[in-house]
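Biologist: I would like a close look at one part of this model, with the backbone and surroundings described in plain terms.

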Amino acid sequence: MKHLIDSMDLSIEELEELFTLAKDIIKNEDRYRLVCEKKLMSTLFFEPSTRTRFSFEAAMLRLGGKIIGFSEVSSSSVSKGESLPDTIRTVGSYVDLIVMRHPKEGAPRYASLTSDVPIINAGDGGHQHPTQTLTDLLTIKEIKGQIENQTIGLCGDLKFGRTVHSLIKSLSKYKEVKLILISPPELRIPEYIKKEILIKENIPFVEVETLEEVMNDIDVLYMTRVQKERFFNEADYVRLKDTYILDNKKLLFAKEDLAILHPLPRVNEISPEVDSDPRAVYFKQAKFGMYVRMALIIKMLEAI
C-alpha cells in the first residue's frame, strides 16, 4: 500500500484486513506497542484539526513510533511561500510516513506525485477523508455486527461533507446497503457522487428533506454539521446551520438498535441530551478511529 488518498484506493479485502487487525489491536494492544519503535511519522496539517491529528499522533505513539510536524501553516515554511512539492520532498527525507490535511481538494494526491514515502490523506477540502471512513466502517461493523444489509441515513451537509463523500464511496463495495440522504436542497449530495457511485453501482437511495419522515427506517444514522468554513456567504450558513437537530423527541420514532454516528466536531446538530442514549456511539467511534489508524500505520509501514 503506497499511499491512501481516496477511500476507493482500498479494496473490500484490504478493508477487512485492516478491520481484523484493528480488532486484534483492541484486544491485545500490548502486543503492538513497539512495532513502530524505529519509525518516524510527520503530521502536516495545513488546516486545523483536533480529533484526526490527535488520533494519528496517539496511534503512532502507542505503536512505539515518534512524530514531527505542524498543526498550522504559520508555523511552517509554507508561510514563506514554499511550494507543496518542496515541502513534501524535504519532509519526506526525514520521515517514514506523512499524514497530510489540506484545505484544497486534490492537494494530497498532488503531493503523492513527488513523495518518496507513503502519504495518508487526512482530509482535503470538501473532497475526501478516507481514514474517517475507516473509522465509520469499523464502528458500524463493531456496533451492528456487519456493514451489509443496513439502511444508513446520512444527514446534514451532504454537499461539502468530505466524510460523507468518502463513506458513500466505500459503502458502495458492500452488499444490500441502502442509503437515505437527508438534507436541504442547497446541501444535497453532489451530482458526480450520484452519477459515478450511487447510480453506476446500483446503490438504492432516496433523497428527503426531513429527518422525521424516515427515522423509523434507519439502522445507522450518520449526523454531520453544517460546515461554516465551506461557505462563501455567511448568511447562507446562518440560514442552514440549524436545519437538523437530533434530540430525544426525534428519537422516540427511531429503532431500538439504531446506531448514531458523527465524525465530530459537533456544533448543535446533536443535542447533549442524546449523549446518554445507548444508541449514541459517536464517542466510541472516535476511539475506534485511533485503533483503525494504528492498523493503517502498521500496514503502510509494513511494520509486521
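Biologist: What is the relative accessible area of Asn-149, and is the residue buried or partly exposed?

Modeller: The relative accessible area of Asn-149 is 47%, so the residue is partly exposed. Buried means under 20% relative accessible area, exposed over 50%, and partly exposed in between, using a 1.4 Å probe and protein chains only. This is a predicted model, in which local features need pLDDT of at least 70 and side-chain atom pairs count only at pLDDT 80 or more, while totals for chains, interfaces and linings use all residues. Residues are numbered from 1 along each chain as its sequence is written, and side-chain values use heavy atoms, with hydrogens and water left out.

Asn-149 sits in the loop that runs from helix H5 (130-144) to strand S5 (151-155). Helices (H or I, at least four residues) and strands (E, at least two) are DSSP runs numbered from the N terminus. Asn-149 is not a glycine, yet its phi is positive, at about 60°.

Asn-202 also has a positive phi, near 60°, without being glycine. Its place is the loop between helix H7 (191-199) and strand S7 (205-208). With a relative accessible area of 66%, Asn-202 is exposed.

Another backbone feature is the cis peptide bond from Leu-264 to Pro-265, with omega near 5°. Pro-265 belongs to the loop between strand S9 (259-261) and helix H10 (282-301).
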